[in-house]
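Student: I would like to learn how to read a strand in a structure. Please take me through one case.

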Amino acid sequence: MSTDRTVLLRGCTVRPWSRKRAVRIWTLPSIYIFSPVFVFRDMDGAPIEDGFPAVKLFNQGYSYTYDDVIFHPGYIDFPADAVQLGTKLSRNVHLSIPCVASPMDTVTESAMAVAMATVGGVGIIHSNNSIAEQAALVRSAKSRRVPFVSDPVVKSAFDSVDSVSDFGSAPYVLVTESGTAKSKMLGVVLRSDWEKLSDKGVRVREYMVISPESVPASYDFEQVAGYLAAKKLSFVPLVRDDEVVDVVTTADVERIRGFPKLGMPSLDAKGEFLVGAAIGTRESDKERLEHLVKAGANVIVLDSSQGNSLYQIEMIKYAKKMFPEVDVIGGNVVTIRQAQNLIQAGVDGLRVGMGSGSICTTQEVCAVGRGQATAVYKVSSIAERSGVPVIADGGISNSGHIVKALTLGASTVMMGSFLAGSSEAPGAYENKNGLKIKKYRGMGSLEAMTKGSDARYLGDTAKLKIAQGVVGAVADKGSVLKFIPYTMQAVKQGFQDLGVSSLQSAHDLLRSELRLEVRTGAAQVEGGIHGLVSHEKKYF
């Protein structure tokens with residue numbers, strides 16, 4: 001091998017661009033290849049480009065989405081389990097995994113927020129409701145330390161259980177002084193006891209079990225599970241200040257034990273789950289902001305489809321002045337100029353995406369937006385100079401899209417359809433043609449707008465409502481507690497293939513040695529499942 005580390009390889013000359021960290025990847029007699037970057041030249045000395053740096057690929061005037069681009073693999077010298085996915089949601093809010101549940105009324109309420117915090121992410125509770133309702137959802141999520149929300153049925157001692165449907169899906173009905181969860185607990189009615197009654201209309205005080213065992217709501221899942229086992233109980237209520245927060249059964253414990261091992265949860269300084277909440281940019285949202293902060297929201301997301309507006313800039317400044325301890329995330333943006341305006345206003349995070357969601361029609365209706373891969377790369381390029389984390393919002397259909405979003409500069413990904421249909425998403429399951437489904441709708445759909453989401457599109461004062469989203473349905477996906485850990489393992493494997501062991505390493509690679517290419521339509525087909533008579537796709 002020559003002293004300048006130039007070798008002849010099958011008719012090509014290989015010259016490293018950088019001589020730092022030269023690594024021998026593999027050897028043949030007298031042949032060495034050095035990592036991480038090469039310049040390949042033909043016999044006449046003309047360069048052969050092996051992929052393109054991101055700065056070149058994204059400055060050609062094309063709007064690319066995730067499926068349009070593909071990364072070149074790197075060098076692997078660590079196991080997938082060594083990959084660390086810890087990241088920042090905003091300047092001061094840290095997460096164990098880069099996952100955020102979207103503030104949509106068919107995606108994130110208290111159950112989703114609790115589940116996402118349990119696995120190390122965060123949920124942003126939607127604002128398509130009254131101020132009191134949204135604040136109650138935040139308080140509900142903040143009051144829990146177990147990985148689910150069961151919403152038990154509650155009656156007073158003077159009520160009666162009229163039918164088996166009064167039990168819902170639970171084997172019990174809780175009895176409190178006022179008949180609501182916000183009062184002292186008196187006892188419990190077991191379904192098995194009710195079924196034995198000859199007179200089903202008798203008041204529950206006549207046969208309820210008095211003063212059942214209870215534990216503080218501050219108990220985490222392992223403490224509750226241990227208490228149930230030690231006392232040999234089938235269930236136990238969780239109580240905070242004489243208020244029934246939830247109930248945990250042995251069946252719940254067994255179900256959670258069947259899921260992948262829970263990692264590090266997202267907790268605040270008080271040891272409570274991290275919970276975010278969305279607000280708009282209207283004057284009335286200042287009152288909403290105050291109530292949400294009092295309810296315990298750890299981060300506020302300004303929910304606008306086009307965030308580069310006077311209204312949002314003024315709201316950012318107001319929120320940072322009134323509540324400087326609470327991080328404010330602005331957006332949505334897709335260009336550098338939009339991002340700069342919000343950064344200058346003092347935003348702590350940026351939400352990137354316009355028209356890329358599966359139920360969003362903004363690009364079709366309004367002819368504005370950007371391909372999501374290009375948007376994430378462009379915005380993150382300017383945001384990282386100011387230390388502002390970027391949330392890639394929309395277009396996430398699989399783990400590969402998550403890898404691409406994060407590698408292109410995002411610190412987290414926000415998911416809507418990816419989480420809709422899970423057992424933690426709001427709404428009841430329906431059966432359609434033998435398929436178990438849940439409703440999923442865009443916040444720009446006419447149906448959502450009738451509840452107030454038209455303010456998100458600055459259309460709440462318009463006489464004519466124009467939809468920028470649709471109503472649809474997604475198939476049952478099971479629990480977030482199960483499929484998010486599997487998804488994160490797939491993301492780790494993607495990072496391993498790139499040769500990076502953390503999000504920061506991925507961002508460093510993007511600005512230096514990462515090589516990408518654009519995929520043709522045929523290449524995209526080839527990269528997926530093809531050529532089979534039939535198949536069943538299972539990721540875990």
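Student: Which residues of β13 lie on one side and which on the other, and are they buried or exposed?

Tutor: First, the basis: this is a predicted model, where local features need pLDDT of at least 70, side-chain atom pairs count only at pLDDT 80 or more, and totals for chains, interfaces and linings use all residues. Residues are numbered from 1 along each chain as its sequence is written, and side-chain values use heavy atoms, with hydrogens and water left out. Strands (E, at least two residues) are DSSP runs, numbered from the N terminus. Buried means under 20% relative accessible area, with a 1.4 Å probe and protein chains only. In β13, Tyr172, Leu174 and Thr176 lie on one side, Val173 and Val175 on the other, and all are buried.

Student: In which sense does β13 pair with β12, and in which with β14?

Tutor: Two strands pair if DSSP finds at least two bridges between them. With β12 (residues 154-156) the sense is parallel, over 3 bridges; there, Ser156 stands opposite Thr176. With β14 (residues 185-190) the sense is antiparallel, over 5 bridges. Val173 has Val189 as its bridge partner in β14, and Tyr172 stands opposite Leu190.

Student: What is the order of the strands in the sheet?

Tutor: The order is β12-β13-β14-β15, an open sheet of 4 strands with mixed pairing. Its edge strands, β12 and β15 (209-210), each pair on one side only.

Terms used. Buried means under 20% relative accessible area, exposed over 50%, partly exposed in between (1.4 Å probe, protein chains only).
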